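Please consult the sequence and the model alongside the text.

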Amino acid sequence: QEATLQRDGYVMALTHPKVIAAIRAGAYGRIAVTYIEWAGTNFQNTILPWRLIEDAKSAQNFASALSDAVFTRERFTSISGGIEYSVPLFDNNGFEGTRRVIDVSGDGPNNRGRYVDDARDRAVAKGIIINGLPILNDRFDGFGGQNLPNLDLYYEKCVIGGPGSFVVAAKDFGDFAQAVLKKLILEIADLGPDPRLVPVAERIAPPCDIGER
């Protein structure tokens, strides 16, 4: 159900007129997109390889192919594994862009693989920007406890990186579609949110190595 909500959110957002307008308003009027689903350390799948989106028709073609793709499932959350898998996909992919962005969405902290801030720093060193869309929730984490409080602050501190990187949080799974729409418009237009997320005293960002195994 969670994977369906996330995928449907991207399907809706990528075909929204405001996203198409943001694409068309860019310097080249087009973007290249690939879609990856990931879970544990060694579980990453390229659901759709790189495709050009430049108008409503190409966006609909991408969204339809994404909607029709077969679901795969696995346990655990390796954000670092997803980042490490994504970095080399920018090379020799048939496209040359002015920005390279990894858009990470998830409902929990990194709990498998390399420390997430280490993977983040390696990607940023290669000129890649990482933006985040955490899904705030109180579901059980699979290890007998509830999910991480202040997941948005965890993403802010440990996951995102690079010039202008930002977090847009979904208040829950039901809010994901609206959150990803907002995030894609900001991302494609290279604006970032305003104002930026500012931690306050009563909300403490968890350590980046929480849940590491």
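The accessible surface of the protein chain comes to about 11,000 Å², and carbon and sulfur atoms account for 51% of it. This value, like those below, is computed from a predicted model. Of the 213 residues in the chain, 46% are buried. Among contacts with a separation of 6 or more, 76% join residues 24 or more positions apart.

The chain holds 7 helices and 4 strands. Along the sequence these elements follow the pattern α-α-β-β-α-α-β-α-β-α-α.

One part of this pattern can be described in terms of its handedness: β3, helix α5 (residues 116–125) and β4 form a right-handed β-α-β unit. The two strands of the unit, β3 and β4, pair in the parallel sense over 6 bridges. Within this pairing, Val-104 has Gly-132 of β4 as its bridge partner. Strand β4 is mostly covered, with 6 of its 6 residues buried. Ile-129, Asn-131 and Leu-133 point one way from β4, whereas Ile-130, Gly-132 and Pro-134 point the other way; residues of both sets are buried.

The account now turns to helix α7. This helix spans residues 176–188, and its 13 residues reach 18 Å from the first C-alpha to the last, close to the 18 Å expected at 1.5 Å a residue. Its buried residues are Phe-176, Ala-179, Val-180, Leu-181, Lys-183, Leu-184, Leu-186, Glu-187 and Ile-188; the list includes the charged residues Lys-183 and Glu-187. The cover over the buried residues of α7 includes the helices α1 (2–14) and α2 (17–24), together with the strands β1 (31–38), β3 (101–106) and β4 (129–134). After α7 comes Asp-190, which has a positive phi, near 55°.

Which residues have the most contacts inside the largest nonpolar core? They are Phe-62, Leu-66 and Leu-184, in a core of 31 residues. The elements that give two or more residues to this core are α1, α2, β1, β2 (44–53), α3 (56–68) and α7. Helix α7 gives the most, with 7 residues. Leu-184, one of the buried residues of α7, is in contact with Tyr-10, Ala-13, Leu-14, Val-19 and Asp-103, when its neighbours within four places in sequence are left aside.

Key:
Residues are numbered from 1 along each chain as its sequence is written. This is a predicted model: local features need pLDDT of at least 70, side-chain atom pairs count only at pLDDT 80 or more; totals for chains, interfaces and linings use all residues. Side-chain values use heavy atoms; hydrogens and water are left out. The expected span of a helix is 1.5 Å times one less than its number of residues. Buried means under 20% relative accessible area, exposed over 50%, partly exposed in between (1.4 Å probe, protein chains only). Contact means heavy atoms within 4.5 Å. Accessible areas come from the Shrake-Rupley method with a 1.4 Å probe; for residues, only the protein chains shown count as cover. Two strands pair if DSSP finds at least two bridges between them. A crossover is right-handed if, with the strands pointing away from the viewer, the path from the first strand over the helix to the second runs clockwise. A nonpolar core is a set of buried Ala, Val, Leu, Ile, Met, Phe, Trp, Tyr and Cys residues joined through side-chain atoms within 4.5 Å.
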